[in-house]
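Here is a short tour to read with the structure open beside you.

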Amino acid sequence: MKIDQEYLKSLLKCFVEANTAYIDAKVISAALKTEVDQKLLFHLEILNDKDMVKRDGDNTGIGMLLDASGDIHYSIVPLRLSAEGHEFYEAISKPEIWKKLKANFENAALDTLMTAGKELLKETIKQSISTIG
């Protein structure tokens, strides 16, 4: 499965706009108006691989798994967006950065999107600082 960049952005937005520090797969699926499905599992696992989504305490995993028949089983596991996740969301929430990422990194891996997004964010910050005086 390929990363769906729009879906990924919407998924990150669920965490940022939540009224609580932790949310779970059921809350996320409701916010995205979708089922807990393989697309959600895939994107949450990718975010977890890059330490962008964390569980409470020292627990690991996202509380979802796929069985041999393709059914998804999940527990109500509290998840939060990590500092790394917030930084990435900060970058992609800026329309000018998002537009550049989508135009130049259409089928990129998450690591590539993160690196490019952070670099573009740094440039945006430098430009903003230089206008301050």
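## A nonpolar patch on the surface

In this predicted model, Ile125, Ile129 and Ile132 make up a nonpolar surface patch, with about 320 Å² of accessible area together. Ile125 sits in helix H6 and is partly exposed, at 38% relative accessibility. In soluble globular proteins, nonpolar side chains tend to be buried together. With that in mind, let's look inside.

**The nonpolar core**

- The largest nonpolar core holds 39 residues, and the members that touch the most others are Phe15, Ile28, Leu40, Leu44, Met64, Phe88 and Leu110.
- Two or more residues each come from helix H1 (5–16), helix H2 (25–32), H3, E4, helix H4 (83–92), helix H5 (95–104) and helix H6 (110–132).
- Leu110 has contacts beyond its neighbours within four places in sequence: these are Ile3, Leu8, Ile46, Leu47, Lys50, Met52 and Phe88.

- His43 belongs to helix H3 (residues 38–49) and is buried, with a relative accessible area of 1%, because anything under 20% counts as buried.
- Setting aside neighbours within four places in sequence, the contacts of His43 are Lys2, Ile3, Asp4, Tyr7, Leu8 and Leu11.
- Leu79 is part of strand E4 (residues 79–81), and Leu79 is also buried, at 1% relative accessibility.
- Residues up to four places away in sequence aside, Leu79 touches Phe15, Ala21, Tyr22, Ile23, Leu44, Val53, Lys54, Arg55, Gly61 and Ile62.

- Which residues of H2 are buried? They are Ala25, Ile28, Ser29 and Leu32.
- Looking down the axis of H2, you will find these buried residues within an arc of 95°, so they line one face of the helix.
- Lys26 and Ala30 are exposed on the other side of H2.
- The cover over the buried residues of H2 includes H1, H3, strand E2 (64–66) and strand E3 (72–74).

**Salt bridges**

- Side chains of opposite charge can pair when their charged atoms come close.
- How many salt bridges does a search of the whole structure find? The search finds eight, and three of them are described here, starting with Lys13 and Glu17.
- Between Lys13 and Glu17, the closest N and O atoms are 3.9 Å apart; Lys13 is partly exposed, with a relative accessible area of 38%, whereas Glu17 is exposed at 54%.
- Asp111 pairs with Lys50, their closest N and O atoms being 3.6 Å apart.
- Glu119 forms a salt bridge with Lys122, with 3.4 Å between the closest N and O atoms.
- Glu119 and Lys122 are separated by about one helical turn because they are three residues apart in helix H6.
- Glu119 is partly exposed, with a relative accessible area of 41%, and Lys122 is partly exposed at 45%.

Key: Residues are numbered from 1 along each chain as its sequence is written. This is a predicted model: local features need pLDDT of at least 70, side-chain atom pairs count only at pLDDT 80 or more; totals for chains, interfaces and linings use all residues. Side-chain values use heavy atoms; hydrogens and water are left out. Helices (H or I, at least four residues) and strands (E, at least two) are DSSP runs, numbered from the N terminus. Buried means under 20% relative accessible area, exposed over 50%, partly exposed in between (1.4 Å probe, protein chains only). Contact means heavy atoms within 4.5 Å. A nonpolar core is a set of buried Ala, Val, Leu, Ile, Met, Phe, Trp, Tyr and Cys residues joined through side-chain atoms within 4.5 Å. Patches are made of residues with over 30% relative accessible area and no salt bridge: like charges are joined within 9 Å, nonpolar side chains (Val, Leu, Ile, Met, Phe, Trp, Tyr) within 5 Å. Accessible areas come from the Shrake-Rupley method with a 1.4 Å probe; for residues, only the protein chains shown count as cover. A salt bridge is a side-chain nitrogen of Lys or Arg within 4 Å of a carboxyl oxygen of Asp or Glu. The arc is that of the directions from the helix axis to the C-beta atoms.
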